[in-house]
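Please look at the sequence and the model before reading on.

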Amino acid sequence: MKLKRFIPYLLPYKQQAFLNIFFNILYSLFSALSFVALIPMLDVLFGKTQPMFQEPVYSGNLLDLGSYGKAYLNYKVGALAGENTIWALAIVIALVLSLFLLKNLFSYLASFFITYLRNGVLKDLRNNLYKKIVNQPIAFFSDQRKGDIMSRMIGDVNEVQNSMLSALESFIREPLTIIFSILVMLGISVKLTLFTFIFIPIAAAVISKIGKSLKKNSIAVQQEQGRFLSLIEETVGGLRVIKAFNAEQIFSKRFGESSQTFNRLSNKVMNRQNLGSPMSEFLGILMIAILLWFGGSLVLVDKTLEGTQFIAFMGLAYNILTPAKAISKASYDMRRGNAAAERILEILDYENPIKERE
């Protein structure tokens, strides 16, 4: 993975990276808790709960953690609201709103710190690339097209910055959101959670297959972009010569062919990339439909799960879909970024054959 070579560019911004990770952990935790808080609200709303005035005791069993948490919250709400159901509902709604507010606050703070990291890495990478190009001998510019160099400095650097740092955030925040959601789902129903995860490996295998050829096509797109930028530079720089030799049609034809190739390759890459999101969403909705059938049988037939818990469980199951889609997109972006990284490293690794004397 060529993107590993750019990790040293992150080191000057390790403080921002740490704060981003810290707030992403809090975001993931509160993302799961905000759905759990819906259970007592629904219980109060549907009259499923009676106020508890004696503090519950935790048995120490991890599988009992969910029921203990629900009982403890019921006890606290009962202590504050007493027999007044409307006041109890107001307290629980305030709790839900507070959790969602904190979740979104932590999301903003994580994005706030990653902004400085992204732009700092972009600046440093572009500065190093510019210094490397300026210090090359004249022969280097005979071998390389100017438009291709410009394409690497602008397009490829942006691609590396976007793919590497999007992946950095996605591969920290999204898996944590999934893990916290799964832990809460296990607290609600172990049987339903295990049933849910039968389908995740199937969905992952389908999505992975779509992205296999993306890197190869991305390299071709970036190379073709370099070609037609070079043609633009040659045309603008040598316009007098072109007009003197009446060669407008020849250059127009060359540019049209290059532009058509770029268009065809771009369509191919974008169509493959765009297929990933709808496919993962459809597989997610299919999972939700199967969960509705299986979970509904636990509520209506087996009576081993309460309706309010099942509603919250479905919310958590859907809460897993968005991170799963983000991870899928980040994996596509990594392939594109890896292709751009190869082109940048060709210049950064270029050895100047002319050595200065001491």
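## Confidence

The chain of this predicted model averages a pLDDT of 75, and 75% of the residues score at least 70. The pLDDT is the predictor's confidence in each residue, from 0 to 100. Among the elements of the chain, the lowest mean pLDDT, 62, belongs to helix H3 (residues 65-81), and the highest, 87, to helix H1 (residues 14-36). Helices here are DSSP runs of H or I with at least four residues, numbered from the N terminus. Where pLDDT is low, the predicted coordinates should not be read in detail.

Residues are numbered from 1 along each chain as its sequence is written. In this predicted model, local features need pLDDT of at least 70 and side-chain atom pairs count only at pLDDT 80 or more, while totals for chains, interfaces and linings use all residues; side-chain values use heavy atoms, with hydrogens and water left out.

## Salt bridge

A salt bridge is a side-chain nitrogen of Lys or Arg within 4 Å of a carboxyl oxygen of Asp or Glu. The count by this rule is 1 salt bridge. Lysine 123 and aspartate 124 form a salt bridge, with their closest N and O atoms 2.9 Å apart.

Aspartate 124 counts as buried because its relative accessibility is 17%, and lysine 123 counts as partly exposed at 46%. Buried means under 20% relative accessible area, exposed over 50%, and partly exposed in between (1.4 Å probe, protein chains only).

## Threonine 261

Threonine 261 lies in helix H11 (residues 248-302). Its relative accessibility is 23%, so threonine 261 counts as partly exposed.

The side chain of threonine 261 reaches the backbone oxygen of glutamate 257 at 2.9 Å. Glutamate 224 is 37 residues from threonine 261 along the chain, and their C-alpha atoms are separated by 7.3 Å.

Terms used:
Helix = DSSP H or I, 4+ residues; strand = E, 2+ residues; numbered from the N terminus. Polar contact = N/O pair within 3.5 Å; in protein donor to acceptor, adjacent residues only side chain to side chain.
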